[in-house]
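Reader: Hey, can you walk me through this one? I'd like to go over a few helices and residues.

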Amino acid sequence: MNQAIDLLIRAPRAVTGDATESERPLAVGVIDGRIVAVEPLDATALVGRDVLELDKDVVLLPGLVDSHVHVCEPGHTEWEGFASATRAAAAGGITTLVDMPLDSVPVTVNVSALRVKQQAAQGQVHVDVAFWAGVVPGNTPDLEPLARAGVAGFKCFLADSGSPDFPPVDTRQLTEALHVTARLGLPLLVHAESAPAGAPARSTATPGYAGYLASRPRGLENLAVAQVIEAARATGGHAHIVHLSSSDALPMIASARREGVRITAETCPHYLTLTAEEIGDGQTTAKCSPPVREAANRELLWTGLRDNILGQIVSDHSPCTTPMKAAGDWDQAWGGVSSLQLGLPVVWTQARRRGIGLAQVAAWMAAAPARLAGLTAKGRIAPGYDADLCVLAPDRSFAVDPARLHHKHPATTPYTGRALHGVVHTTILRGQVIDPGQPRGELLIREPK
């Protein structure tokens, strides 16, 4: 008997988000915004009220999940707000993002602050949005209420965050937080740079990038990663290293994981693409923390992905106004890369050069971030999952033009003029094509464990 469905998508080329599966032709059936069937392309049992027939020059992917996005609303909406960030996400094939707990006012370190942020987002998001909460000195009693309120997990810094209202934690506080998050069954995300080791940091007041890079050496990351590993070992908590840039830390992470420590790690498109050697004098659009390192380090990060030591790729979209990038002044410029809309083509451009297919890219950029954030209906093309999808033309190329970006301050991206492969053709949220003029995303509340 034929099964009547709301939407039938016939894709001669599709990847599901499972890295063990290769690209193949599929028919995907959707009812009430959920995937109910994934069948061979020529399946005759599926009959759609609406049918989307894709061409052979595009690939159907699961909608990407970006679990590391700084939306600065409320408080710094002029940097980036929910409307602009989620429009940019949708244009980049992202159907779900998870918002970081700092760079807004108030910072998300208690339930009342979470409610303020959720209220600010309500009614203006174009993709689905979940929320991380923060761990700062003294807020351990707030962690369980935040978990009950539905946050995806927690984030802390081991070094200065750049926000006075979001101070770093020390070793004792990190361990205390991991004890709590282990009991709650939620991950603790850690910005791993060592504050004590970084205390005598040198000035970067030079037009060249070398001064800034020298002020944040790999050792700051390596020491902090070792600290996180031992705290996770002692507590049994799940610690997740965010935006890893030092390839030196990869053997430590791999060794700890073999020993049963619950430690995972991510990296970002800018660490997999940009290199210290190519960043010119005064090009502070590329300033981030930890910094972009040398070309050899970049290749080792790709090896870490292939070896499954690094499990996911997320943007760490850290926006600011154009004046905050203080062109030419490495001391004063804001440390963050604006790239939310460009993550998929940036990564795909590099992956295809290395013989890595879209099935693996989708696993790194959709399935794995969804898993970290506990979003059990996101990141895969499979029955029971939300019909969140991205249609990508992988062989089409374009040059990055800030005028075509939806970020609030597109000129702050370091990718201006760069030639990239992979044009996002359509982004679908729960079975409907996203309309940039009609926000219909939802705020996601994780069910307490």
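Reader: Let's start with valine 116: buried, partly exposed or exposed?

Author: Valine 116 counts as partly exposed, at 35% relative accessibility. Buried means under 20% relative accessible area, exposed over 50%, and partly exposed in between, with a 1.4 Å probe and protein chains only. This is a predicted model, where local features need pLDDT of at least 70, side-chain atom pairs count only at pLDDT 80 or more, and totals for chains, interfaces and linings use all residues. Residues are numbered from 1 along each chain as its sequence is written, and side-chain values use heavy atoms, with hydrogens and water left out.

Reader: OK, and what does valine 116 touch?

Author: Leaving out residues up to four places away in sequence, valine 116 touches Pro74 and Pro106. Contact means heavy atoms within 4.5 Å. Valine 116 lies in helix α2, residues 111-121; helices are DSSP runs (H or I, at least four residues), numbered from the N terminus.

Reader: Switching topic. At what angle do α7 and α8 pack?

Author: About 10 degrees, with the axes of α7 (residues 218-235) and α8 (residues 250-258) 10 Å apart. That makes α7 roughly parallel to α8, a label for angles under 35 degrees. The axes are lines fitted to C-alpha atoms over the stretch in contact, and angles run from 0 to 180 degrees between N-to-C directions.

Reader: Which residues make that contact?

Author: α7 brings Asn222, Val225, Ala226 and Ile229, while α8 brings Met252, Ile253 and Ala256.

Reader: What comes just after α7?

Author: Glycine 236, with a positive phi of about 80 degrees.

Reader: Now α10. What span should its twelve residues have?

Author: Helix α10 (residues 295-306) should span 16 Å at 1.5 Å a residue, and its end C-alpha atoms are 17 Å apart, which agrees. The expected span is 1.5 Å times one less than the number of residues.

Reader: Which residues of α10 are buried?

Author: Asn297, Arg298, Leu301, Trp302, Gly304 and Leu305. Down the axis of α10 they fall within an arc of 155 degrees, so they line one face of the helix. The arc is that of the directions from the helix axis to the C-beta atoms.

How values were computed
Helix = DSSP H or I, 4+ residues; strand = E, 2+ residues; numbered from the N terminus. Parallel < 35°, antiparallel > 145°, perpendicular 65-115°, else oblique.
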